[in-house]
Amino acid sequence: MPSNMPHDAEAPASDARLWTRILAEYGTPSRSRSIAELTITALPLVALWSAAWFVYSMGHAWASLLIAIPAAGFLLRLFMIQHDCGHGAFFSKRQANDWVGRAIGVITLTPYDCWRRQHATHHATTGNLDRRGVGDLDTLTVREYSELSWWGRLKYRLYRNPLVMFGLGPAYVFLLQQRLPVGLMRDGWRPWVSAMATNAAIAGIVVTLTWFIGIKAFLLVHLPIMLLAATAGVWLFYVQHQFETTTWEHNERWSLHQAALYGSSYYDLPAPLSWFTANIGMHHVHHLASRIPYYRLPRVLHDHPELRAIGRVTLWQSFRCIPLALWDEAQRRLVSFRDVRAQKQQQATVGLATR
């Protein structure tokens with residue numbers, strides 16, 4: 001994938017910090033706009049879910065699966081509203097953000113308070129090689145990978161396999177992993193309460209719906225919607241940080257603002273997809289100023305078109321991000337397993353030639 005901005009042409013960190021001051025003026029949410037956005041997302045989701053169940057009950061399972069596609073889009077958009085709530089960006093008051101976020105978390109199977117804490121850590125540590133492991137995708141350097149045992153390399157390659165990353169992974173995260181706040185218990189009792197309260201609410205909804213429509217109908221209607229939305233969400237998160245010209249640094253050279261601007265992509269999606277994903281593709285702007293409501297992000301790029309050139313990845317280019325799995329500290333870019341293997345073969349050839 002061609003680089004849109006070579007690393008040696010990047011602005012210094014002070015310029016990245018300057019952008020946060022420039023963007024601060026966009027960070028005030030509109031209560032009426034936020035309520036409207038919530039309404040036009042939640043109501044179509046309910047209508048589509050009901051339609052999927054209705055056509056399934058009429059014996060048209062194939063039609064139910066077709067309806068699951070747009071329904072998953074609205075569920076994904078609802079998660080993005082929860083995401084804005086977690087940043088305090090959807091409403092002006094924290095209580096409104098938190099309670100709306102918690103309610104949405106029941107629908108998205110994501111305990112809000114647990115997720116918010118992990119996601120805040122992700123924002124605070126993105127692109128830092130010495131602070132990986134919380135709220136992000138596991139990414140090893142070429143050196144770290146080469147030092148693993150064969151079993152360790154096999155596990156990492158399986159983790160990075162597209163069938164696992166975008167197939168089994170999303171199902172595991174949203175259906176199983178988020179049911180227990182493993183790894184957050186050191187933070188006290190709040191993550192446990194958040195997870196258990198969300199689980200109890202989910203259980204109540206599931207029991208109620210299965211009482212009325214049956215467990216088979218519920219699973220065949222809801223699981224496709226949930227799994228499609230989860231897969232799309234993981235894909236978005238992947239492209240937002242796993243692109244060739246992203247940036248990683250060790251702690252002594254790492255800068256929060258520099259990592260936000262150059263370590264996050266501008267995923268330039270077609271307008272309909274940008275709407276369903278709540279403009280999350282404008283991720284470099286979001287990381288620089290996470291208090292900007294998603295519906296104001298297009299205005300930022302309109303007013304400051306120079307931001308469009310930074311970390312831009314088109315829909316077609318994004319598929320070329322899939323093989324990228326290792327950070328090459330020498331080349332300062334993400335590379336694939338194939339790239340590493342070719343480099344080793346080249347080094348071996350050069351070594352034989354110089355003997």
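This is a predicted model: local features need pLDDT of at least 70, side-chain atom pairs count only at pLDDT 80 or more; totals for chains, interfaces and linings use all residues.

Colleague: Fine. How many cavities of 30 Å³ or more are there?

Modeller: The structure holds 4 of them. The largest cavity has a volume of about 110 Å³, where volume is the space filled by probe spheres set on grid points joined across faces, edges and corners.

Colleague: Which residues lie nearest the centre of the largest cavity?

Modeller: H122, T126, H241, Q242 and W248, out of 13 lining residues. By class, the lining of this cavity divides into 4 nonpolar, 8 polar and 1 charged. Nonpolar here means Ala, Val, Leu, Ile, Met, Phe, Trp, Tyr, Cys and Pro, charged means Asp, Glu, Lys and Arg, and the others, Gly among them, are polar.

Colleague: And the pockets? What volume does the largest pocket have?

Modeller: About 1,200 Å³. There are 38 residues lining the largest pocket, and G135, D136, L137, V173 and Q177 are the closest to its centre.

Colleague: Which helix gives the most to that lining?

Modeller: α8, with 8 residues. At least two residues each come from α3 (61–86), α5 (112–125), α8 (162–175) and α10 (215–241). Helices (H or I, at least four residues) and strands (E, at least two) are DSSP runs numbered from the N terminus. As for class, 23 of the residues lining the largest pocket are nonpolar, 12 polar and 3 charged.

Colleague: Now the second largest pocket. What does its lining look like by class?

Modeller: It has 21 nonpolar and 2 polar residues, and no charged ones. The volume of the second largest pocket is about 550 Å³. Of its 23 lining residues, W49, I107, I205, L209 and H222 sit closest to the centre. Two or more residues come from each of α2 (31–57), α3, α4 (94–108), α9 (190–213) and α10, and α10 has the largest share, with 7 residues.

Colleague: Changing topic. Q82: buried or exposed?

Modeller: Q82 counts as buried because its relative accessibility is 0%. Buried is under 20% relative accessible area, exposed over 50%, and partly exposed in between, using a 1.4 Å probe and protein chains only. Q82 is in helix α3. Beyond its neighbours within four places in sequence, Q82 is in contact (heavy atoms within 4.5 Å) with G101, I104, G105, T108, T110, Y112 and W115.

Colleague: Where are the positive phi values in residues other than glycine?

Modeller: L109 has a positive phi of about 60°, and phi of R332 is near 60°. L109 is in the loop between α4 and α5, and with a relative accessible area of 10% it is buried. R332 is in the loop between β4 (324–328) and β5 (333–336), and at 24% relative accessibility R332 counts as partly exposed.

Colleague: What about R291? Which residues is it in contact with, leaving aside neighbours within four places in sequence?

Modeller: G27, H87, G88 and A89. R291 is in the loop between α13 (283–288) and α14 (297–303), and it is partly exposed, with a relative accessible area of 47%. The C-alpha atoms of R291 and T28 are separated by 7.7 Å, although the two are 263 residues apart along the chain.

Colleague: Which residues does UniProt list as "transmembrane region"?

Modeller: The unreviewed UniProt entry lists 35–56, 62–80, 163–180, 192–212 and 219–238. Those positions are in the numbering used here, with shortened feature names, and the annotations may be inferred rather than shown by experiment. In the model, residues 35–56 are 100% helix, with end C-alpha atoms 32 Å apart. Residues 62–80 are also 100% helix, with their end C-alpha atoms 28 Å apart.

Colleague: And the whole chain? How many helices and strands?

Modeller: There are 16 helices and 5 strands. The C-alpha trace spans about 75 × 50 × 40 Å along its principal axes. Buried residues make up 47% of the 355 residues. Among contacts with a separation of 6 or more, 72% are between residues 24 or more positions apart.

Note on methods: Residues are numbered from 1 along each chain as its sequence is written. Side-chain values use heavy atoms; hydrogens and water are left out. On a 1 Å grid over the protein atoms alone, a cavity is a set of points where a 1.4 Å probe fits but cannot get out, and a pocket is an open set with protein on both sides within 12 Å along at least five of seven lines; lining residues have an atom within 4 Å of a point.
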